[in-house]
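Here is a short report for a first look. Please keep the sequence and the model open while reading.

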Amino acid sequence: MENLLQVGIITSTHGIKGEVKVFPTTDDANRFKKLKEVLLDTGKETFSLRIESVKFFKQFVILKFKGYDSINDIEKYKGKSLLVTRENAVELEEDEYFIADLEGVNVVSDDGRYKGVLMEVIETGANDVYVIRLEDERQLLIPAIKECILEIDLEENKMLIHVLDGLLDDTSENKEE
């Protein structure tokens, strides 16, 4: 399991006093108000930044970090990820999982067949969609709803799914002649 979880991405600077505009990658952007520090992943190194202030603007979070007081200090971090340790992550409800923990899980259907590996989670308005790379390299898109996702066992690195009719059919077989 990943020990570091992404909570946002610095998209741009905000003003000239060292503030940054962050696109939150967490379900609850208000969690930034409770955070005292985040980890910045530059791609080469990861280091801690103390949060001095938090504001909100549209879908973005505006952060000011202690010791970064000008646009020149902070603009080199545009496009970089902000992370938190698992200890500083939000508490999950029952049947909730961090995306980082789901990616790479082996997927088995309720008929006992191995299907493939969960590669990506697409977040949509209604429900998430799991992208599963099948053994034959095709992709299966499965909605993250209780009718399809029957069980997730992270300790066993396994997800049990039910494939709804039509989700895995080969469209060439269904064409009328």
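## Strands and the model

Strands here are DSSP runs of at least two E residues, numbered from the N terminus. The model is predicted.

## K21 in strand β2

K21 is found in strand β2, which spans residues 19-24. Is K21 buried or exposed? K21 is buried, yet it has no salt bridge. The nearest side chain of opposite charge is E19, 10 Å away.

Which residues does K21 touch, beyond those up to four places away in sequence? They include I9, I10, T11, S12, T13 and H14. F60, V61 and I62 are also among them.

## G79 in a loop

G79 is found in the loop between α1 (71-74) and β6 (81-85). G79 is exposed, because its relative accessible area is 53% and exposed means over 50%.

Leaving aside neighbours within four places in sequence, G79 is in contact with I9 and I10. I9 and I10 are also touched by K21. The C-alpha atoms of G79 and D27 are separated by 19 Å. Along the chain, G79 and D27 are 52 residues apart.

## A six-stranded sheet

An open sheet is formed by 6 strands. Their order is β10-β9-β8-β7-β12-β11, and the pairing is mixed. The edge strands are β10 (139-143) and β11 (149-153), and each pairs on one side only. Neighbouring strands of this sheet are turned by 35° against each other on average, direction ignored.

At one edge, β11 pairs with β12 (residues 158-161) in the antiparallel sense, over 4 bridges. Here I152 stands opposite M159 in β12.

Methods:
Residues are numbered from 1 along each chain as its sequence is written. This is a predicted model: local features need pLDDT of at least 70, side-chain atom pairs count only at pLDDT 80 or more; totals for chains, interfaces and linings use all residues. Side-chain values use heavy atoms; hydrogens and water are left out. Buried means under 20% relative accessible area, exposed over 50%, partly exposed in between (1.4 Å probe, protein chains only). Lys and Arg count as positive and Asp and Glu as negative; His and the chain ends are not counted. A salt bridge is a side-chain nitrogen of Lys or Arg within 4 Å of a carboxyl oxygen of Asp or Glu. Contact means heavy atoms within 4.5 Å. Two strands pair if DSSP finds at least two bridges between them. Axes are lines fitted to C-alpha atoms, for helices over the stretch in contact, and angles run from 0 to 180 degrees between N-to-C directions.
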